[in-house]
Amino acid sequence: MTHGLGTKISVAAAAALTALVPVTTAHAATSDPEVTITDGCGRVDFLDIDVRGSYWLQVLPDGKAPKKATTPIPDGLSAEEEAAFKRGLIRIGDSWRRTDDDSKSFLLIRVLQYTGNGTFEYLPLLLAGSDNTRGTEQFKLTNEDCVQPAEPTFVDEVGSANDTVTIPSVRGVKYSGKPGVSPGKGTVTVTATPDKGFRLATPDGIPLPEDQTRWTHTFDATSSVQVPDNRIPTLRLGDPIPATKTKPAGRGPNIVTVKHVPGVTWIVDGKPQKTSEKATTIEVPVGTKTSVEVQAVSADPKAYALSGTTEWVIKLGGPATKPAAPTVRASTESLMLGASTVQWAPPAGYPATSKFNVRYRVITLTGNNVRARAPWRPWTQETRARSAVMRAKPGSIIEVTAQAVANGRVSPWSSATTVWFPTDVRSAPGRTWRMIKQNGAVGGTMAITPQRNSAWTAKTPTTNRIMLWFGTSPTGAPAAIYVDGRRVATVNTRHKNTKVRQVLKPIPVSWGKHVVTVVHNGPNGKTLRLDGVAYGR
């Protein structure tokens, strides 16, 4: 039996494995060779030694040595080879790759170096990517296939009637809940564990961190409340006041009328007004004002969550309108991997010294590829800052909204602004492409090609928008963009500035999965730079 790229000193050497008893202790000197072990997926395992030399490998399928062989010692062996033959060792170079073996669960290995007089010493084995610097005399190479669990989906809408948990079904993964859709309530934790014959790891065999195998979500149990059209506040002129002997006729203060909506407290001109089942209508005097801001807020945030329009500017003789809200902008340039800068500014009528409340929500897809919004969560509160860097996993889609606070006034929340976190194009898609390091790129690198008709292709998840980031240069080539085989756009990446800059091309598409292709559409020698990609939802 051949093991990896090593060779035997005789045909029957593998059968000569004996019980392993250490001959000497493992190396301790820092000048000794360092053996790095990679326990890949399935039986894709290998080791590398950083110093060239003569090395030997012991292999024990499932940790057991086969019966001692009766094969006679071949003639012409050196003292080292004869000692290795007696122990059933396999000669290797400075690397070894595992191939077929008889193990059912794992393969135990040791690496030895000849020290003379028929003895060997073990070399310390270090696991690739491990923080351990001491090493160990032996290592178990598992036979388990690697699998990455899909994340469960938590749909937490306003109210609780439509809250759900969707647990996926993935071969090789056991989830703590039953796969499928179930109602969401309270705090739900979903844990993924491997089935027999599998382990939770990346395709390179690196174990997954806990945040990729365990997910917890606490559902918002509030009831949804929306102000109906016939309950929107109104403003009218004050009641007439008849003339007296000392005063001419006139009018009393103008009146804002608010009506009872269960779960709502009204804020009229900055002051709270509470209605009830008994006091279903309240009239609030506002002096001579002909325009007043009114807000509806939750009477009990733990029990009620408001939806729909909650702020109005009501005027005499006119319909209620929504007051001005802050402006929020998320940069689509100079993006770094997993980081995006978000900026906000006060609305008209609010001073530059305004404070801001900023909140966010994550946009996901359910197991049925339906767009799902997580509940709003606070990001910053009462801040005077005008910007902040938001960090999230590449590929995430997050919405942000802001509210200004000044002089006892609170603006309405701005409309939602999408924050993009593109994924990096990390590998060259073909022989005509190559990867280069590039300052300011999404992941610090870009895929480039100087050859006409070179193409990059990707299958999208369910999406309604394809976002492509390119790099510019004075020799930039135009890019033709195809979706499902149909040309939909052209991007010019040529720019006189010698500093490479990011340029975004958004491509609206119908809701669903697509195939997107980017093609070098310029002459040979002009360079097309592809940086990152994101998919809307």
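This is a predicted model: local features need pLDDT of at least 70, side-chain atom pairs count only at pLDDT 80 or more; totals for chains, interfaces and linings use all residues.
Trainee: Why is β6 largely enclosed by the rest of the structure?
Mentor: Strand β6 spans residues 106-116. Buried means under 20% relative accessible area. β6 is largely enclosed because of its count of buried residues, 9 of the 11.

Trainee: Which residue in β9 stands opposite F106?
Mentor: Strand β9 is residues 139-142. It runs antiparallel to β6, joined by 4 bridges. Opposite F106 stands T142.

Trainee: Which residue takes a positive phi in the hairpin of β6 and β7?
Mentor: β7 covers residues 119-122 and pairs with β6 in the antiparallel sense over 4 bridges. L112 has Y122 as its bridge partner in β7. The hairpin has 2 residues between the strands. The positive phi, near 55 degrees, belongs to N117.

Trainee: Now the largest nonpolar core. Which strand gives the largest share of this core?
Mentor: The core has 22 residues. The largest share is 4 residues, and it comes from β47.

Trainee: Which residues is I466 in contact with, leaving aside neighbours within four places in sequence?
Mentor: I466 is among the residues with the most contacts inside the core, as are W456 and F470. Leaving those neighbours aside, the contacts of I466 are T460, V483, K505, P506, I507, V509, V516, A534 and Y535.

Notes
Residues are numbered from 1 along each chain as its sequence is written. Side-chain values use heavy atoms; hydrogens and water are left out. A nonpolar core is a set of buried Ala, Val, Leu, Ile, Met, Phe, Trp, Tyr and Cys residues joined through side-chain atoms within 4.5 Å. Buried means under 20% relative accessible area, exposed over 50%, partly exposed in between (1.4 Å probe, protein chains only). Contact means heavy atoms within 4.5 Å. Two strands pair if DSSP finds at least two bridges between them.
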